[in-house]
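Open the model in your viewer and keep the sequence panel beside it. This tour says what to select next and what is there.

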Amino acid sequence: MNQAYDWLQTRSNDMASELETLCNINSSSDNLDGLLRAADWLTQYFQPLGVPCERIELPTYPVIDDLGNETNSTTGPALRWDMGGAGDRGVDQKNVLLTIHYDTVYGLQDPFQKCTLLEGGRMRGPGVIDAKGGIVVMRYAAIAARKFLDLSPLRLTVVLTPDEEIGSPSTITLWNKIAHEFGSALLFEPSMADGSLVSSRKGTGTFTIVVHGKAAHAGRNFNAGRNAVVHASRMVADLHELNGQRPNVTVNVGRIRGGHAVNVVPDLAVTRVNVRVGSMEDQRWIESQVQRFVETYNVPDQGYTVSVQGSIHAPPKIQDEGTNDLMKRVERSAEKLGESIRWKESGGASDGNKLQGLNLPNVDTLGPDGDGLHSDQEWVSLASLPRKASLVFGILEEMASE
Ligand SMILES: [Zn+2]
């Protein structure tokens, strides 16, 4: 066992330089070329797992643009490797899913594209903790498991996904298909800024509400117009009032687009609303409220039509019995490293929400330590890479010995 920890420690420099290479490949969720390049790189990178890579093409996902038009976007492939015993794809409580995403939030136009080394063993760069550092941690934990453990009682499946940062609209089809194969899952999102791991998460969803009115000349024909921007504004003011009505529900009207020339009554407004919920009851409540407002404001006889697309795509991640057992395993593994784990609730969602919604218990913050994700100050603690890989190795070791 110490042998594995030692081996992981000796790989520290490799981990840092491989992470730098991976982060320097732009793979923002909407950059298909970059996602494909990253997928090719990752296919090579995971070769030491010693099993073939399955490249899974995912379905397109719908996007509503600011003109209210729906188009379909293509994402990169999911990548899958099956290791250990139980060669076939049977369903077994002992099957463990290891997964994380390889897309990032930094688009091609973003000035933040390359890594820099900082003082104090830190590296700053796009995706260093969210979640490319997690990819490195996961890879080394899996290689160490192959090298130092008898994996025949387990099946370890590694999956990398291309669209988590936009809510996994394509990967959800894969989760729906395979989640039942596994008894537990480990995900490699970063820990919280203070080093805590996440015990439970709010659910989240985004609704896109399209209001159509009627265009007219603002001078000649003003009264014939139906102002979609004003109609949408009334509706979002009402939506905003939902805040505070239930303790764990928030509604953020994040973006409104509408109107062109100032002398034209605008006939279109596209509003995007992000909601967070603490429980399934909250989820049902907010979905019915959004529906209610859409129906209230959809008044074709007055010249306004309102439609909505979207849902709570990630249900709340609640700490159930299966998750509790897994959390205990993480704690025991940390003890072997002379560490202790602190747990925290988070308002953010991850694929852990979706997998738990599909009855797959998971711990989803086994990636590295650091802070500043989704900003140009994102940094990773390089020393945490081998440390987290050791933590995960310990969990797999316990699972393999049962
Ligand atoms: Zn993220």
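Start by selecting Ala-131, which sits in the loop between strand 7 (122-124) and helix 4. The model is predicted. The peptide bond between Asp-130 and Ala-131 is cis, with omega about 0°. Most peptide bonds are trans, and most residues other than glycine have a negative phi.

**Two positive phi angles**

Now select Asn-359, in the loop between helix 9 and strand 18 (362-363). Its phi is near 65°, a positive value, and Asn-359 is not a glycine. Is Asn-359 buried or exposed? Asn-359 counts as exposed because it has 11 C-beta neighbours inside 10 Å, and the cut-off for exposed is 12 or fewer.

Select His-374 next. This residue lies in the loop between strand 19 (370-371) and strand 20 (379-381). His-374 also has a positive phi, about 65°, although it is not a glycine. With 12 C-beta neighbours inside 10 Å, His-374 counts as exposed.

**The domains**

Colour the chain by domain. The domain assignment gives domain 1 as 2-62 + 75-201 + 317-400, and domain 2 as 203-314. The centres of the two domains, taken over C-alpha atoms, are 36 Å apart. Where they touch, domain 1 supplies 5 residues and domain 2 supplies 6 residues. On the domain 1 side of this contact, 1 residue is nonpolar, 3 are polar and 1 is charged.

**The nonpolar cores**

Select Val-137, Ala-141 and Val-392. Of the 73 residues in the largest nonpolar core, these touch the most other members. Helix 4 (residues 132-148) gives the largest share of this core, 10 residues.

Stay on Val-392 and show what surrounds it. Which residues is Val-392 in contact with, leaving aside its neighbours within four places in sequence? They are Val-137, Ala-141, Leu-186 and Leu-366. Another core, of 24 residues, lies apart from the largest one and includes Ile-209, Leu-239, Val-273 and Val-277.

Go to Val-158, in strand 8 (residues 155-161). Val-158 is buried because 23 other C-beta atoms lie within 10 Å; the cut-off is 20 or more. Not counting residues up to four places away in sequence, Val-158 touches Phe-46, Leu-49, Trp-81, Leu-98, Met-138 and Ala-142. To try the distance tool, pick the C-alpha atoms of Val-158 and Arg-124: they are separated by 26 Å, and the two residues are 34 residues apart along the chain.

Then select Gly-352, in helix 9 (residues 351-357). Gly-352 counts as buried, with 26 C-beta neighbours inside 10 Å. Beyond four places in sequence, its contacts are Leu-187, Arg-201, Lys-317, Asn-362 and Asp-364.

Select helix 2 (residues 12-23). Its 12 residues reach 17 Å from first C-alpha to last, close to the 16 Å expected at 1.5 Å a residue. Met-15, Ala-16, Leu-19, Leu-22 and Cys-23 are the buried residues of helix 2. Look down the axis: these residues cover an arc of only 130°, so they are on the same side of helix 2. Asn-13, Ser-17 and Thr-21 are exposed on the other side of helix 2. The buried residues of helix 2 are covered by elements including helix 3 (32-45), strand 7, helix 4 and helix 10.

Move to helix 5 (residues 171-178), where Thr-171, Ile-172, Trp-175 and Ile-178 are buried. Viewed down the axis of helix 5, its buried residues fall within an arc of 140°, so they line one face of the helix. Turned away from that buried side are the exposed residues Asn-176 and Lys-177. What do the buried residues of helix 5 pack against? They pack against strand 4 (78-84), strand 8 and helix 9.

End at helix 10 (residues 384-400). Its 17 residues should span 24 Å at 1.5 Å a residue, and its end C-alpha atoms are 24 Å apart, which agrees.

Technical notes:
Residues are numbered from 1 along each chain as its sequence is written. This is a predicted model: local features need pLDDT of at least 70, side-chain atom pairs count only at pLDDT 80 or more; totals for chains, interfaces and linings use all residues. Domain bounds come from an automatic or database domain assignment. Two residues are in contact if their C-beta atoms, placed from the backbone, lie within 7 Å. Ala, Val, Leu, Ile, Met, Phe, Trp, Tyr, Cys and Pro count as nonpolar, Asp, Glu, Lys and Arg as charged, and the others, Gly among them, as polar. A nonpolar core is a set of buried Ala, Val, Leu, Ile, Met, Phe, Trp, Tyr and Cys residues joined through C-beta atoms within 7 Å. Helices (H or I, at least four residues) and strands (E, at least two) are DSSP runs, numbered from the N terminus. The expected span of a helix is 1.5 Å times one less than its number of residues. The arc is that of the directions from the helix axis to the C-beta atoms.
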